[in-house]
Amino acid sequence: MSVDQKTVRHIARLARIAVRDDELEALARELNGILDWVEQLGEVDATDVEPMTSAVAMAMKMREDVVTGTNLQKEVTRNAPGAEDGFYVVPKVVE
Amino acid sequence: MSDLTKLTLAAARDALKKKEITSSELTGAYLKEMADAGALNAYVTTTADKAQEMAKISDAKLQKGEGGALEGIPLGIKDLFCTKDVPTSAGSHILEGFVPPYESTVTANLWRDGAVMLGKLNNDEFAMGSSNETSFYGPVVNPWRRKGSDARLVPGGSSGGSSAAVAAKLCLGATATDTGGSIRQPAAFTGTVGLKPTYGRCSRWGIVAFASSLDQAGPIARDVRDAAILLGSMAGHDEKDTTSVDRPVPDYEAALGQGIKGLSVGIPKEYRVEGMPKEIDDLWTRGIEWLKAAGATVKEVSLPHTKYALPTYYIVAPAECSSNLARYDGVRYGLRVEGRDITDMYEKTRAEGFGAEVRRRVLMGTYVLSAGYYDAYYLKAQKVRTLIARDFAEAYSEVDVLLTPTAPSAAFAIGEKSNDPLSMYLNDVFTVTVNLAGLPGISVPAGLSAEGLPLGLQLIGRTFDEETLLRAAYAIEQAAGFTAEPEVWWRA
């Protein structure tokens, strides 16, 4: 599997990272370098192996579904590059 | 260097308790060393006022014979840990100006026990790197230099600020995090001790996330005892992290005195990799002899999937990072670059806010998780991960602990590997297996290279058996008698 410039543009779009046209070739080369190297996993037969989902075997912990922190609007929006009256401000999304 | 900063954490703790020194004196001595060490670029933020205030409170407690396990001990904090009302950057432009309104659990535990915060330590951007060169705030410089050379060397990464600060005595100990070797490799490069605990031993809450199934916090310290003391405070159950484990925190320091008579040590034959420098191989052999002399039995074991660990890691870690880093959108915190519309704003913000290595990994992760490729890459990697963990489980049916080198080389020069991602990734060849399997590992300084640079040996333990790990590490430390220190060239 090899990544071409069109694919790089597509994944950059999915990742929401602007990429200039003159960066595409180098990025494709770097990603292909890494992908070629990880291809060696193809040698491993893992057909009947369960994928690892937890580094340490443990049962999923459950807790009561209750509110534990309240009235944090000021703290939560304190770091926003754009905030007004406790709300985030973003460019217009719906016309 | 003042005599006060020569004390280890354990010695300083004892002197504080006996009222031979005060925390204000000790903290003042460290703040002075930090102010003179700008050339190392280890700290990105100094919290001098806060440090002096915390020291004063500790002194009042110590005066009354009160105080916690770390009362009055000045520490450096990796800038990946959120600290309330103190800027936290993760070494990234995209978090510029971010001031957390909350405290990470690990640092809260340290303050609960009386520790004093000196400042925030530089690291690779979002902990992605093995040399501290990807930080937006510039590379950290290793206090160590090659014999007869003034070339600037890397301190390892991603916890390069932590390792450099401990080695240069700019703090008594430091917090760090390890996703693929980011505690142990920098410790090896700087002649310090780095302990990556079992996954789940320390809470991840409030630590800027990189790859959530691999990330784990731990200490970098001057010696094994100091690492044991720090882990005792950092570890513990936390309801805010569902992967944190609810089991008692043992007295790690007490484990050190127990010796290793009868301990069974495994030597994984697959770690004898091609092209490994002879001096590292020799160091490993010496480590085996030391453990035997201390009463351990040594046998060869096999971890057949070792060679697949790095490729597995470079699927799993980018995949998880691409998801974790989706939160940096220019809306809730940090940098925003305005655009034509909201998508344009996201794209411009992330293009400007992320450095080259972070962008590469986010793109790589997005690709391996994208439609049609998930099974071929991510699912396959998670299956191989099971096989790697199984290798370890089988080895631990025969032995108690494993001994390996920490890194395939000593510290390299700044710029030497930064244009070649794959050669940089190979730095983690001996450490990354431990993260994939969730095990605890520790790096102990064990000797000097021909060029006069520190080299480390790694011990790998069973899940939640940090006590045996520390016992064996202490035996290596005693036998190695590593007392070398970098010559102080950085003082302003």
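Residues are numbered from 1 along each chain as its sequence is written, while chains are lettered from A and ligands numbered from 1 in the order in which they are written. In this predicted model, local features need pLDDT of at least 70 and side-chain atom pairs count only at pLDDT 80 or more, whereas totals for chains, interfaces and linings use all residues.

View 1. Chain A holds three helices and two strands. Helices (H or I, at least four residues) and strands (E, at least two) are DSSP runs, numbered from the N terminus. Their order from the N terminus is α-α-α-β-β. The radius of gyration of chain A is 22 Å, well over the 12 Å that the globule rule gives for 95 residues, so chain A is more spread out than a compact globule. That radius is taken over C-alpha atoms, and the globule rule is 2.2 Å times the number of residues to the power 0.38. Along the principal axes, the C-alpha atoms of chain A fill a box of roughly 55 × 45 × 25 Å. Of its 95 residues, 15% count as buried. A residue is buried if 20 or more other C-beta atoms lie within 10 Å of its own, exposed if 12 or fewer, and partly exposed in between, with C-beta atoms placed from the backbone.

**View 2. Chain B, overall.** Chain B has 16 helices and 11 strands. Its radius of gyration is 21 Å, close to the 23 Å that the globule rule gives for 492 residues, so chain B is as compact as a globular protein of that length. Its C-alpha atoms fill a box of roughly 65 × 55 × 50 Å, taken along the principal axes. Buried residues make up 61% of the 492 residues. Take the contacts in chain B between residues at least 6 apart in sequence: 77% join residues at least 24 apart. Two residues are in contact if their C-beta atoms, placed from the backbone, lie within 7 Å.

**View 3. The side of chain B that touches chain A.** Here 51 residues of chain B are in contact with 37 residues of chain A. Five helices of chain B each supply at least two residues of this side: α10 (309-324), α11 (342-353), α12 (356-369), α13 (375-395) and α14 (421-425). The largest share, 10 residues, comes from α13(B). By type, this side of chain B divides into 27 nonpolar, 13 polar and 11 charged residues. Ala, Val, Leu, Ile, Met, Phe, Trp, Tyr, Cys and Pro count as nonpolar, Asp, Glu, Lys and Arg as charged, and the others, Gly among them, as polar.

**View 4. Helix α2 of chain A.** The 15 residues of α2(A) (residues 24-38) should span 21 Å at 1.5 Å a residue, and the end C-alpha atoms are 21 Å apart, which agrees. The expected span is 1.5 Å times one less than the number of residues. A:Leu27, A:Leu31, A:Ile34, A:Leu35 and A:Val38 are buried. Seen down the axis of α2(A), the buried residues fall within an arc of 100°, so they line one face of the helix. The arc is that of the directions from the helix axis to the C-beta atoms. An α-helix has 3.6 residues a turn, so residues three or four places apart point the same way. On the other side of α2(A), A:Glu25, A:Ala26, A:Arg29, A:Gly33 and A:Asp36 are exposed. The cover over the buried residues includes α1 (5-14) of chain A, together with α10, α12 and α14 of chain B.

**View 5. The largest nonpolar core.** This core has 167 residues. A nonpolar core is a set of buried Ala, Val, Leu, Ile, Met, Phe, Trp, Tyr and Cys residues joined through C-beta atoms within 7 Å. The residues with the most contacts inside it are B:Ala42, B:Leu75, B:Ala165, B:Ala472 and B:Ala473. α10(B) gives the most to this core, with nine residues.

View 6. The peptide bond from B:Gly157 to B:Ser158 is cis, with omega near 10°. B:Ser158 sits in the loop between β3 (116-121) and α5 (160-167) of chain B. A:Arg16 lies in the loop between α1 and α2 of chain A. Its phi is near 55°, a positive value in a residue other than glycine. A:Arg16 counts as buried, with 21 C-beta neighbours inside 10 Å.
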